[in-house]
Amino acid sequence: MNLASNYLGLGLANPIVPSSSPMTRSVESMQRLEAAGAAAIVMPSLFEEQIEHEAMAVHAALNFGAEISAESAGGYLPEMDDYNTGAADYLDRLRAAKAALKIPVIASLNGTSPGGWTLYARIIEEAGADALELNIYLIAAELGRNSAQVEDDYLQLVQSVRNSVSIPLAVKVGPFFSSTANMARRLVSAGADGLVLFNRFYQPDIDLDTLSVVPNIVLSTSDELRLVLRWMALLHGRVDTSLAATTGVHTAEDVLKLVLAGADVTMMASALIKHGPELITSTLAGISAWLEARDYESLDQARGSLSHDASPDPSAFERANYMQALVEYASER
Amino acid sequence: MEPAYIVVDGNEAAARVAHTLSEVIAIYPITPASPMGELSDAWSQRGEPNLWGTVPEVVEMQSEAGAAGAVHGALQGGALTTTFTASQGLLLKLPNMYKIAGELTPCVIHVAARTVATHALSIFGDHSDVMAARQTGFAMLCSASVQEAQDLALVAHAVTLRTRIPFLHFFDGFRTSHEVMKIAGLAEETYTSLIDTDLVAAHRGRALNPNRPVLRGSAQNPDVFFQAREAANLYHDAVPDAVSTVFDEFAALTGRRYELFEYVGAPDAERVVILMGSGAGAAHEAAAALQTHGEKVGVLVVHLYRPFSVRHFLEALPASTKSIAVLDRTKEPGAVGEPLYQDVVTALQEGNRKEIDVIGGRYGLSGKEFTPPMVMAVFAELMAAEPRRHFTVGITDDVSHLSLAVEEKWQEPEDVVQAVFYGLGADGTVGANKNSVKIVGTHTDLEAQGHFVYDSKKSGAVTVSHLRFSPRPIESTYLISRANFVACHQFGFLEKIDVLGIADEGATFLLNSAFGPDDVWDKLPRQVQEQIIAKKLKFYVVDGASVAKEAGLGGRINTVLQTCFFALAHLISTEVAIGAIKKSIADAYGKRGEVVLQRNYAAVDASLEALREVPVPSAVDSEIEMRLPVAAQAPDFVQRVTGMIIAGKGDLLPVSALPVDGTFPTATAKWEKRDIAPEIPIWDESICIDCGRCALACPHAAIRIKVYDPAELATAPDSFKSKAWKSKEHAGKNLTVQVAPLDCTGCGVCVDICPAHSKEIVKHKSINMEPKLDHVATETESFDFFLSIPEMDRSDVRVDSIAGSQLLEPLFEFSGACSGCGETPYVKLLSQMFGDRIVVANATGCSSIYGGNLPTTPWAQNAAGQGPAWSNSLFEDNAEFGLGMRLAIEGQQKMARRLVTELAPHIGELATELLEADQGSEEGLQKQRDRVQSLRTVLESVDDPRARRLESVADYLVRMGVWIIGGDGWAYDIGFGGLDHVMALGRNVNVLVLDTEVYSNTGGQASKSTPRAAVAKFAAGGKATGKKDLGMIAQSYGNVYVAQVSMGANMNQVVKAFAEAEAHDGTSLIIAYSPCIAHGIDMSTMMSHQKDAAQSGYWPLYRYDPTAEAVGKPAEFAAKEGRFAMLARANPQYAASLVEQAQADIDNRWQLYEQMVHVQRTAVFEEEGDDE
């Protein structure tokens, strides 16, 4: 079965792309994913905040205690040749991945400062990434900033990166916009070649024993698919951009649903962490089997066939879905 | 080719040469020579090669003695070998130096000359160490400046190869070793021209080599030793001419000419001062000044001190010389005169210049300032009708009246920029100033010099940077006394230090101030206002903290203040300066990351905008007074002596003010209210759970708890907080947790460890850091009241529990250790549990510095005047030192007991009670103390000489403990041999190893306690070998109580271990995990780090009690071996008892291994309750 897909202008053999996760950290792991059938790879994000934190921590550690007394005038820790702060380690892995893999390698970037986004985007491009995914992680916690200002931040960021690199640019965002559809269109106007829907932010938890706030990483399940499904369907064909679905992609059925709704590619992370790279192989087989059983010529034929515009019941993606669910829930009690 | 100018300190200058010309470098840390080893290690780690393209092997040894042995061996192996040292370190090398010289082995030892400890340790510079080496056979070459430290280092390496005589190359510790100067570097061709490769091959040819075997290091008898000792005479004789030749060659190559004896002054001088070392600079300036007034004076500086060439000496001395003053930077009590004096006198005698009068004086001991006026006083003395034959200069000696009066005032030339900066230790001021010296030195034709003075505290320490920039070469080897630029980088200093006393009229004053130009005047102390007006100072402020914070640098103000300095000092254009500062930032921090550079650049760019000139009013209107150095109620000695030292006026104290034998009162830290914490912990009594952890964890004894009768509160100030004490045993009592607001360093450890927090706001604990200014008045009042509440009766307290131990008065308080120190909580706990009846032997290291560095000591006394008696011997001998104390105590105990027995007829029933007393509890101890008091009363009426003797030893009837305290550098490395021996002896001493896993005091060099994979100085590439298991070694003796503890992991275990160790009738070893600033952690979380260390298995906790029951059969094999059998023949009874013990050893070892299975690998907080 022809599963060929196109994402960000990159011709891919199929619609399965392992997304930014620990699975795409090492070159060896990326090679296993490729062997299992991954169509492209998104590397984990280069976090500007982390880079800055590390550099400042090195700086502080070397300054700490220096000149504290006549006997330790030079500070307590020896100066090293290289602290490997900055993006060097990330770029080395990117270059190694490019050398080792035939499939496209998409780098991912999470910046904090306007200068940081563009700086690191440029060096990622120079290191040979096939495309760049901007992992925009803004928690709009400031009471004084309204939604328009927050949205402007997103758009300016995308624009400035767009102006500084020429490789394809995907933008990964969360679902929390007052008008997601409008925001999607404006992101594309600002220069995004593709949208990755949706970022699944780490969410804090509370440890009742220690009464402390702890980061809690929970792997996704297929149940989380439906938010993405709606927006794939709503945006497909209405916004001129590549669409990647992420969060809750675990099975061949999940992939098929998302492609029918309009996804160009589907991104997996949690499922791969749980089941290993081989899951890609079986998922691809499942997709082919479904298509073959229904006499599809190719996956592309099915793509968007149940999108908002193509669906016999477009309102199902809007209001009705909610009402129906409510009714069913109530009746089950 | 003219080599580039470089800006380096003396250590780097010498070390660079040594590293370039060596194949093996054996090192050991000792101030002020450590940086030479650190740099060599770092260069080799980085792969920097020597002159022949190989990377020198740098190896850290366990002591200087070990380093010397390794040097000797490497030399015998044919390697070009060097080492660096100072002070006691050099003394430890002496035995090998005799050997190395006796074997005519080319070698150079570079020494940053430092005081040898006598009545006190001192890290500062004088020649008492190198003078102890003059008999070794090493040639001794002295450098007087940073330039010379480089140049003569090379000369030493060149000449040693030519003559086969090893060289001791030395320069003054700190004054030269740490002085940053612009000097001319060395071109590679200078090296290659002076170092003869054939001679290197010849050296290698003499190596021990099985292909051409020889015997070296034989033992000789009276028949030939003497002749053999004379056989090398010609080699020694050849040294002066060889040095002279190399000086000539060096001059041809570099244009810099040196002489064995360098005379500078009037060609027809009648009075000549002779000295060596950095004092030469001051002497030259003084002589030049006198010459301008037509005085016929000159200065002869000694470079080659051994061999002392009479011929060269006489050639250098002007023929017109009538009188000479020889200045020695050392003291040889009992000698006719100091060494250089004696050499000069002898040389004149031998050279037939007996008509010259010679006097000799001491100066500059322990880095004492040595200034041109002092030299003028020496020249003046030579003119006196009857000059004092022996004198001192630089002090006021009102006891033996040897000191010369120094009257001249000294004014440095107007065109020399003299800038003085007051900074806080670790605030980056010194580093920025070193950079400034480099910037000026490399961007202008000006000469540049930086010298840095530190106080002896490690928290809240004051650094003073003295920078000179001059159009002429700088020879001023003394501190600036009249600065034309003064910067105060910490506003709080203004009330504590006379910052502007040093300011010259019309000087610029830059103040780092949160208050702007319109507000700052009103915040200044009266004395500061007075000086600004009287001296017509140009006054500027900059809010460095805000600029730095805005730039993302936290509170690091150094680059801000540095930029402002350049803007105000007009040494170079501001644009060039800013470019240069940024370049220096890039050089210094480039490897750390782009963001570090960008943030520093941003701070630099924002600095000038924040710099503001302050309009100076015409009148003084402040009512803020500068603080008194010590409280008015302090005892006389503290007022008279300690207070002067605290005030920075110790130089003014006369000889009579100081004790003759180095004995000082304890309990003095409490008089030094340092007031250094911006935030202090404030207690919320409503949620306190009475656990006592805050007090136990406080490294500075600044959090106290007391339990008392609520009736005490009748006179409490309103702000005093109190709560009911939850205790079955002490129902109806109240508890207070109180901060000592002026003694707290603000480390935050108490807050980190506090387990109680508010139900409503989790971050609000029972103790919280709050701005000091909001609380200082009320908390000071509360603390005073707190101190007035009676201490609890020790008999009523469960000493071996967390809260119980904290109800005991700490007899170690307010140390100047680093804020958040991991060591001091253990020391303080020790003082609480047993402080009223222990003597402490303290190895040199952090604990001896925060414990015994003047001005004050944290070792304290209780209301009865009892407290730890403390002494520090050396770094390497502390276990032996403590053992000696034990032997003395036991001897006196035995004598006391015997006398009690003998005098029983007079003493009656009390005698039996005294001899059979159970002193295992606080109650028992108190009863015994009472008995001793009764005994004294009884003895008063006993007319028997034995009664008088008993009176002198009666104290020893009360149990006394010996605690041997030191760090891992001592216990694992330099002192391990002694510690091992003391443990083997099994006597009743308690050893507390404050294990920071690194040489903390000397700046963080690796020890054998340093864990694998950690970096440290001397292990710049990461330590490749594992940490030594000192506890297992101790346990292998079988009779040593061993505990490995960690306060942050399990406080209860720590308290128990201390109690058990003290109770163990034999040797006890406690290895206490002590986080250190060298660990690179946030010290406020040091207790949490300890918990992590234990829980991860990194630092297993255990207590091993060897008195557990022994089982097993006699060891029969002992009878079959001569080593046991010999004793059985000589002393059958004793041998039998030892064999029995040997069997116990075996049995205990089995037990030990069984116990090892149950080593606690986790920190069990649940078991920490006092009920355990």
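In chain B, the axes of helix 20 (residues 574–589) and helix 21 (residues 594–610) come within 10 Å and cross at roughly 155°. Because that angle is over 145 degrees, helix 20 of chain B counts as roughly antiparallel to helix 21 of chain B. Please keep in mind as you look around that this is a predicted model.

**The helix pair**

- The crossing of helix 20 of chain B past helix 21 of chain B is right-handed.
- Helix 20 of chain B brings I578(B), I581(B), K582(B), I585(B), A586(B) and Y589(B) to the contact.
- From helix 21 of chain B come V596(B), L597(B), N600(B), Y601(B) and V604(B).
- Sorted by class, the residues of this contact between helix 20 and helix 21 of chain B are nine nonpolar, one polar and one charged.

**The domains of chain B**

- The domain assignment lists domain 1 (5–210 + 228–249), domain 2 (261–393) and domain 3 (417–613) among the domains of chain B.
- It also gives domain 4 (629–665), domain 5 (676–798) and domain 6 (880–957) of chain B.

**Where domain 1 meets domain 3**

- The C-alpha centres of domain 1 and domain 3 of chain B are 36 Å apart.
- Across this pair, eight residues of domain 1 of chain B are in contact with 12 residues of domain 3 of chain B.
- On the domain 1 side, strand 1 (5–9) and strand 8 (180–184) of chain B each supply at least two residues.
- Strand 8 of chain B gives the most to that side, with three residues.
- By class, the side of domain 1 of chain B that touches domain 3 of chain B holds four nonpolar, one polar and three charged residues.

Notes: Residues are numbered from 1 along each chain as its sequence is written. Chains are lettered from A and ligands numbered from 1 in the order in which they are written. This is a predicted model: local features need pLDDT of at least 70, side-chain atom pairs count only at pLDDT 80 or more; totals for chains, interfaces and linings use all residues. Domain bounds come from an automatic or database domain assignment. Two residues are in contact if their C-beta atoms, placed from the backbone, lie within 7 Å. Helices (H or I, at least four residues) and strands (E, at least two) are DSSP runs, numbered from the N terminus. Ala, Val, Leu, Ile, Met, Phe, Trp, Tyr, Cys and Pro count as nonpolar, Asp, Glu, Lys and Arg as charged, and the others, Gly among them, as polar. Axes are lines fitted to C-alpha atoms, for helices over the stretch in contact, and angles run from 0 to 180 degrees between N-to-C directions. Angles under 35 degrees count as roughly parallel, over 145 as roughly antiparallel, 65 to 115 as roughly perpendicular and the rest as oblique. A crossing is left-handed if the near helix is turned anticlockwise from the far one by less than a right angle, and right-handed if clockwise.
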